[in-house]
Amino acid sequence: MSNSNINDIFVLSSYTSSARGKAAAKYTPGVYASSSKSAKSSDGFVTVAVQADGVHVLDVSALHPVISHTLGPSTSFTCAPLTLPSSSKTSRTYAAISSSPELSLAEEAGRTIWMWQDDTSNSKQKEKRRNVIFSEGEKAYALYACEDLPERILAVSNTGSVTVMDANTLEVKATSDSNQSTVIHTSLFPASTCSFSSSSKGGALVMVSSGSSENTRLRIFAIDEADSISLTEENEISVDSEESISSVSCSRTGVLSILTTEGLWHSYQLTPELSSPPDQFSSPLQLSGFSFLSEPSKLSVSLLALTSSHVLLAAIASQEITLLLWDLQFSVLLASHTFSIPSALSSSSLHIRLVPGVDNATKSGSQVVGQAILVLSSVPSKEKSDGGKTVSILVVVPYTVAAMSTIAAAMGRGDAGKKWLHAREEKKLSADEKTRQKLLDTMQSAMQSGRPQTASAAFLKWAPKTDESAAEQLSYNFTKDVLRTVLGLPTESKSTSITASGSSYAPEVVRYLLERRVVCSSMLPPSIGLLGALRAKNDWATIELAFTTVLDLTESEIVECLLAVVRHSRSLASDPAPNSEDAMQVDSIAATPDSSVGIPPLISFLNLLASYPTSRGPLVVAFRKYMHDAEDLTAVLQVLDGWLARRVRMDERLLPSKKDLKKNEQGVWIVVGRKGDKDKTTDVPPLEKMSDILQVVLDACFLSLLQHPPSHKILRKLQEKLTPEISFSANVETLRGFLEPFAIAQEKAIKESLVSPEEREREKQKVDWRQRRKGMDVGADIGLYRLEELVL
């Protein structure tokens, strides 16, 4: 199972920017940031556009800038910059300019892209290139580069138009039409790695923008290597307009999540054939405890899709920055990390943004190790006369996350996220549910006060009398609560722990549940198990019943019970008198002298183990864990030797005699055996079962047996008995091919004889479909032609 975690964060850089030069009165972030891979740095580069300053490329590993373009206090930006490595020493940096003295016209603000050709080995920089790529009234919203679209840069406008341009000359190659809606979120993925793309080449762009009233528009574009932009999907999602959306994320597996200002977290699954609104991926989560839920601003929370359905959430809670790693498929919290708000930002409102960093899969491919860039920016207050200065801090958030969402990683994490989720309202209970809840409360009260007879009487008075009603009334959760109550264990419906004494036990209730076959060992904690709980109550009769009615007994609890039986059997063999001063002292797992009454003989319990379906691997592990003592193993081998001796003395009839045969009501011969044969074989398991147990013992504990000389004799005896049996089985196996057709024919005859006379009569009345066709005119005349049916 892969573990997901958020490692210790560290500060990458900090900046102070002013509002000078920014034409828009609306709030603009102090910095924009993006990340890119680099051959020189394993952690990649982060490109930062600082308002009223310039563009800086930072090495995350070295924590210092490798390239800087100082542009002056009159320059501002409209979106995150982009760095595209050309080689190990050269790269190209792109930025969307909102204002600058170098802009020839004011109308070019927000529409102009600048590019720098950088060479880290040469301090002299080449002259920057520029081009106006958007129409009037549009501004750049995002810049992207895609691995499947070499030498191409994608630019998205704030109104939803997509532009493809040459990465070297900035020449516009293609432009899509604008839908004149406000863009809320965009994500670009290589089509070759994108599960919801209908194409395997080019890029897939997911765009979320404002739609009609109480709806949000979803559009998916496909961009191919021929610079063609096509709108593949367009739908509306039933989430309110952009004013109620705080953040959006989308993964390359098509898991789209939308977080509203009310804390409602929706998730949807994108597919290649998305002809209708996307299906809901999982039930919405209702978040609580975050500052953005009580603030008019929606800037203090951000989402970032990592892998599969894993999403990283950053928000403010209790004057701290909280990072939460969620798995939306199972609605569980996998990891969390909190840290104090930096002192430079503590006195103002915050704008929080998560930017994807560089990530790499591990050698096994089961985990992804990466980094997210957390951008924290102060929001200038309108009342303060600070000149609109903004302090921004870039924080690197290392993480490890599973490559795919699995139920194994989600198990046991259900309670981890309760702190951040709104408590769900309790559903209204039906009349039967209220009755069962009242019964459970009565039983819990009786068990707590040491009156198990009262609890048993209350349950048996209510208990359904027929199997049909029992299957309907004894639901899994109710049965689990009842079972835990009568065994003195805490129930999930009650937070208080119920501790029962040795006498506070209601065996009648347990036996009733077992006889109705509604009990599972998984209803109890794995550390205890059903057999462990019954062994603690010294109820060995119920343990024997569990072997025939419970289907999920674990190998661990079975072998743990076997150890207790072996220890008790050895103690009786060493000293039959229980009051003898030299009686063997048994470990805590074995029964005490006062509680040893009812423990079955070793031969009986080992027969239960042999007849119960188990898996060989877990059984070997269980023997290796519990059966440490070679004397305990020798006791088990002695039972196996006794079984083998009895099995060898039994007569093996290859064909039944007349005394073994009997005709049933339909006149079919069946093998019934002789009256005395059943009594001889009921306490001796088949040879295959004995062989399986012997193999498990040898595989798990052979070295322990070799170091114990008394076990050598019994091992030789087992070998002497098994060798002829193996030869006999090999010789008899040659008859399988000749006798198998007769066995199949006999089995078919027996099955047909079990059919009721009424059913056989109905089958006789059913005529074969070919015969029915003979009596029908299957031809039809159509003008000069005749249509007939030919059946092959």
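Below is a chat about a predicted model, going through some of its sheets, a cavity and a helix.

Me: Let's begin with the sheet that has strand 16 in it. In what order do the strands come?
Reply: The order is 16-17-18-19, so to speak from one side to the other, and these four strands make an open sheet with antiparallel pairing.

Me: Which strands stand at the edges there?
Reply: Strand 16 (183–190) and strand 19 (229–237) do. Each has a single partner strand, so one side of each has no neighbour in the sheet.

Me: And how much are neighbouring strands turned against each other?
Reply: By 15° on average, ignoring direction.

Me: How many bridges join strand 16 to strand 17?
Reply: Seven, with strand 17 covering residues 203–210 and the two running antiparallel. If you want a pair to look at, T186 has M207 in strand 17 as its bridge partner.

Me: OK, cavities. How many of 30 Å³ or more are there?
Reply: The structure holds four of them.

Me: What lines the largest cavity?
Reply: The lining is F196, S197, S198, S199, A204, I220, F221, A222, T232, E233, T271 and P272. By class, that makes six nonpolar, five polar and one charged residues.

Me: Which strand gives the largest share of that lining?
Reply: Strand 18, with three residues. Strand 18 (216–223) and strand 19 each supply at least two residues of the lining. Both strands belong to the open sheet we began with, ordered 16-17-18-19.

Me: Switching to the sheet with strand 3. What's the order there?
Reply: That one goes 3-4-5-6, an open sheet of four strands with antiparallel pairing.

Me: Why is one side of strand 3 left without a neighbour?
Reply: Strand 3 (31–36) stands at an edge of the sheet and has a single partner strand, so one of its sides has no neighbour. From one strand to the next, the twist averages 15°.

Me: How many bridges join strand 3 to strand 4?
Reply: Six, and the two strands run antiparallel, with strand 4 spanning residues 45–50. S36, for one, has F45 in strand 4 as its bridge partner.

Me: What do strand 21 and strand 22 form?
Reply: A hairpin, with three residues between the strands. In the turn, G263 has a positive phi of about 90°. Strand 21 (residues 255–260) and strand 22 (residues 264–269) pair over five bridges in the antiparallel sense, and L256 has Y268 as its bridge partner.

Me: How many bridges join strand 22 to strand 24?
Reply: Two, again antiparallel, with strand 24 at residues 285–286. There, L264 stands opposite Q286. Strand 22 also pairs with strand 23 (residues 279–280), over two bridges in the antiparallel sense. In that pairing Q269 stands opposite D279.

Me: Last topic, helix 6. Which residues are buried?
Reply: Helix 6 covers residues 507–515, and P507, V509, V510, Y512, L513 and L514 are buried.

Me: What covers the buried residues of helix 6?
Reply: Other helices are part of it: the cover includes helix 2 (431–448), helix 3 (452–462), helix 4 (467–473), helix 5 (476–487), helix 7 (529–536) and helix 8 (540–549).

Me: Which residue takes a positive phi just after helix 6?
Reply: R517 does, with a phi of about 55°.

How values were computed: Residues are numbered from 1 along each chain as its sequence is written. This is a predicted model: local features need pLDDT of at least 70, side-chain atom pairs count only at pLDDT 80 or more; totals for chains, interfaces and linings use all residues. Side-chain values use heavy atoms; hydrogens and water are left out. Two strands pair if DSSP finds at least two bridges between them. Axes are lines fitted to C-alpha atoms, for helices over the stretch in contact, and angles run from 0 to 180 degrees between N-to-C directions. On a 1 Å grid over the protein atoms alone, a cavity is a set of points where a 1.4 Å probe fits but cannot get out, and a pocket is an open set with protein on both sides within 12 Å along at least five of seven lines; lining residues have an atom within 4 Å of a point. Grid points are joined across faces, edges and corners, and a volume is the space filled by probe spheres set on the points. Ala, Val, Leu, Ile, Met, Phe, Trp, Tyr, Cys and Pro count as nonpolar, Asp, Glu, Lys and Arg as charged, and the others, Gly among them, as polar. Buried means under 20% relative accessible area, exposed over 50%, partly exposed in between (1.4 Å probe, protein chains only). Contact means heavy atoms within 4.5 Å.
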